[in-house]
Amino acid sequence: MLVVQGVTKQIGGLRAVNGVDLSLGENEIIGLVGPNGAGKTTLLNMISGISAPTSGKITFCGEEITGLKANQICKKGIAKTFQIAESFPGLSAQESVMVGALFGKPRKTSMADARKEAASVLDFVGFPAEKMQTTVKNLNVVELKRVQLARALASQPKLLLLDELTTGLNPKESKEAVELIKKIRDTGVSILIIEHVMSVIMGVSNRIVVLDHGEKIAEGRPYEVVNNQLVIDTYLGDLHAF
Ligand SMILES: Nc1ncnc2c1ncn2[C@@H]1O[C@H](COP(=O)(O)OP(=O)(O)O)[C@@H](O)[C@H]1O
Ligand SMILES: [Mg+2]
């Protein structure tokens, strides 16, 4: 479904991402991990069209999408959530999700349909029904994350990119997030997820890819990766959460 070949992002004198290859199949969840500054967000930004690669090629469902704009890529079926969960602070929760339903899909959607779809996807992600009309800036972090996820899902993606969805959540909330991620996968959506909490990554990923200094240093099934000595030395050894 997604094939990333030799993708590089040069930012000034720094190669934030350096010749990374990655592929992801249908109904697959890939966990992307690595130390801060490893290039994880930069890689997701290139896949979702927020920034263009300096070199390399990205193919989605057999079609090259390298360097297309974020709105074009979203309409082809790739949606992303952001590391910092801020979005349209002046809109209500429902309106914020309607943005995804109205502008994220390839086909035109009426306001009435967008309103219904937003309500249904907010319900799917467990957002409290009585807060649908609450202004986004008055929501707590868990509610904000659910709105952000709902907005991404409202664009009806085939591939969902999640950047640190559980950051700021407590262990119980993170566990709920894991269940939700699996529930989304079971609807037929593939997922590429950046995550620091190893229990979350281990719980959901079919495969894990490890980045360090912009390069892929390991890839494999979860138990293989956490037992890889290079991964332990460069990343897991420092993780108190593990
Ligand atoms: N817009 C930018 N301008 C300058 N440096 C950047 C920019 N975006 C990312 N970087 C740098 O690229 C590297 C990778 O960053 P990032 O992709 O955010 O890492 P991660 O998400 O793995 O923590 C870091 O060294 C970061 O400082
Ligand atoms: Mg990041």
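On a 1 Å grid over the protein atoms alone, a cavity is a set of points where a 1.4 Å probe fits but cannot get out, while a pocket is an open set with protein on both sides within 12 Å along at least five of seven lines, and lining residues are those with an atom within 4 Å of a point. Grid points are joined across faces, edges and corners, and a volume is the space filled by probe spheres set on the points. The structure described here is a predicted model, in which local features need pLDDT of at least 70 and side-chain atom pairs count only at pLDDT 80 or more, whereas totals for chains, interfaces and linings use all residues. Residues are numbered from 1 along each chain as its sequence is written, chains are lettered from A and ligands numbered from 1 in the order in which they are written, and side-chain values use heavy atoms, with hydrogens and water left out.

One cavity of 30 Å³ or more is found when the whole structure is searched, and the space in the largest cavity comes to about 120 Å³. Its lining consists of Val142, Lys145, Arg146, Leu149, Leu165, Leu169, Glu173, Glu176, Ala177 and Leu180. Two or more of these residues come from each of the elements α5 and α6 (171-186), helices being DSSP runs of H or I with at least four residues and strands runs of E with at least two, numbered from the N terminus. By class, six residues of the cavity lining are nonpolar, none is polar and four are charged; here Ala, Val, Leu, Ile, Met, Phe, Trp, Tyr, Cys and Pro count as nonpolar, Asp, Glu, Lys and Arg as charged, and the others, Gly among them, as polar.

The largest pocket holds about 440 Å³ of space. Its lining is made up of 19 residues, and Ala70, Cys74, Lys80, Phe82 and Arg151 are those that lie nearest the centre. At least two residues of this lining are supplied by each of α2 (70-75), β6 (78-80), α3 and α5. The lining of the largest pocket divides into ten nonpolar, six polar and three charged residues.

Leu149, which is among the residues that line the cavity, also belongs to the largest nonpolar core, a set of 45 residues in which Leu149, Leu160 and Ile191 touch the most other members. A nonpolar core is a set of buried Ala, Val, Leu, Ile, Met, Phe, Trp, Tyr and Cys residues joined through side-chain atoms within 4.5 Å, where buried means under 20% relative accessible area, exposed over 50%, and partly exposed in between (1.4 Å probe, protein chains only). When residues up to four places away in sequence are not counted, Leu160 touches Ala79, Leu149, Ala152, Leu153, Ile184, Val189, Ser190, Ile191 and Leu192, contact meaning heavy atoms within 4.5 Å. Another core, of 25 residues, lies apart from the largest one and includes Val17, Ala38, Ile58 and Leu161.

Ten salt bridges are present in the structure, each defined as a side-chain nitrogen of Lys or Arg within 4 Å of a carboxyl oxygen of Asp or Glu. In one of them, Lys105 pairs with Glu117, with the closest N and O atoms 2.4 Å apart. Lys105 lies in the loop between α3 (93-103) and α4 (111-124) and Glu117 in helix α4, so this pair ties together parts that are twelve residues apart in sequence. Lys105 is buried at 2% relative accessibility, whereas Glu117 is partly exposed at 22%.

A salt bridge also joins Arg207 and Glu219 (2.4 Å, N to O). Arg207 is in strand β9 (residues 207-212) and Glu219 in strand β10 (residues 215-220), so the pair ties together parts that are twelve residues apart in sequence. Arg207 counts as buried at 17% relative accessibility, and Glu219 as partly exposed at 34%. Both residues take part in a network of salt bridges that links Glu28, Arg207, Lys216 and Glu219. Arg185 and Asp186 form a further salt bridge, with the closest N and O atoms 3.1 Å apart; Arg185 is buried, with a relative accessible area of 18%, while Asp186 is exposed at 60%.

Most residues other than glycine have a negative phi. Asn27, although not a glycine, has a positive phi of about 60°, and its place is in the loop between β2 (14-24) and β3 (29-33). Cys61 likewise has a positive phi, near 50°, and lies in the loop between β4 (55-60) and β5 (63-64). Asn27 is partly exposed, with a relative accessible area of 42%, and Cys61 is partly exposed, with a relative accessible area of 42%.
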